[in-house]
Amino acid sequence: MQFHLAINLERMNSDARMGDVARHTLDMVRLAEQGGFHTAWAAEHHALEMTIAPNPFQILTWWAMHTEKIRLGSAVAVAAYWHPINLAGEAAFTDLLSGGRLEFGIGSGAYQREFDRMHPRLKQSDAWRYVHEMLPAVKALWAGDYEHDGEFWSFPVSTSVPKPLQKPHPPVWLAARAPVTFNYAVQNNCRIMSWPLTRPFAEVELYKARLEEAVQANPGCPRPTFAVMRHTAVYENKNEWEIPVKAVQRALGQFENLFRNLGDVVNGFPKEIPLADLANRDEYNPRMLSENLMFGTPAEVAAKLKRYQQLGVDAFVYYASMGLDRGRQKRSLELFCSEVMPAFA
């Protein structure tokens, strides 16, 4: 099993200084590289302090200048926010500057609030159509001269400048939960990253079943790499279990605000929705969060991960950003590297 790190530049309130946040994020990526992680992932989000990522390729280039081996991925570039020529060139330049370490992740995007600002009048539920038009265009631009006349973009003969260092192009990843996306990933030789949010292990089993259905429906297409992301916190004392749970509850209260597009965002900080007001509050029950997320002592986390490995998950994505204080974030990653990963060597 491979291990990947997903981390945001994260300010949960205005007291957090941006310089401290940036230094911490880079420290975590360096620590992951030293610990043997395969890939570090940067997101794309706009006008939100809890996920500061206006251009994932700029973040990846920054990380590339301070690392040597760890691969660097966009999780994910939101197709509807880009033009194909722009996206192809930005990604290729990142691959060049990183010495061929780019993992190219593309997806539909998360919050309607962001679409209202970045692509007005587009519903998030329709954004997968942009992915389906964008990806073939980007790959064609990486290959050479290409003319495009599609539903969403049209341009005369052009090409990606520069070209990616990796040939024929960097590995392509899709963020997938819906059956249509699993099917598209298999048909187009894309690797898959899924995020079950806070739901039980049965949700991971559902995604694995969708992957197998897509493989069976497309004979001759290889089975893609299957990665699953979870919020992760490792601690030494079992009595500490409530600390990451309370941190993630606060973050998820803001997360729900964004999913519902309530408009309660001031200077980039979403108002936290009280958990008692949520119809789906069972998903945020403390014991369920502790069980469903990758929280626990090293032995408990290793046991949870074994279930993922036995199911057929090829890569586990350690999601570090959830409002936990920076000291505990670092200690958790250190424990993961030193006491969890050796069980999967």
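Helices are DSSP runs of H or I with at least four residues, numbered from the N terminus, and their axes are lines fitted to C-alpha atoms over the stretch in contact, with angles running from 0 to 180 degrees between N-to-C directions. The model is predicted, so that local features need pLDDT of at least 70 and side-chain atom pairs count only at pLDDT 80 or more, while totals for chains, interfaces and linings use all residues. Residues are numbered from 1 along each chain as its sequence is written, and side-chain values use heavy atoms, with hydrogens and water left out.

**Helix packing**
- The axes of α1 (residues 18–35) and α11 (residues 326–340) come within 10 Å and cross at roughly 5°.
- That makes the two helices roughly parallel, a class for angles under 35 degrees.
- In contact (heavy atoms within 4.5 Å), D20, V21, H24, D27, M28, L31, A32 and G35 of α1 meet R326, Q329, K330, L333, E334 and C337 of α11.
- By class, this contact has six nonpolar, three polar and five charged residues, where Asp, Glu, Lys and Arg count as charged, Ala, Val, Leu, Ile, Met, Phe, Trp, Tyr, Cys and Pro as nonpolar, and the others, Gly among them, as polar.

**Cysteines**
- The structure holds zero disulfides, defined as pairs of cysteine sulfur atoms within 2.5 Å.
- For C221, the nearest cysteine sulfur, that of C190, is 11 Å away.
- C337 is buried at 14% relative accessible area, whereas C221 is partly exposed at 26%; buried means under 20%, exposed over 50% and partly exposed in between, with a 1.4 Å probe and protein chains only.

Definitions and conventions
Parallel < 35°, antiparallel > 145°, perpendicular 65-115°, else oblique.
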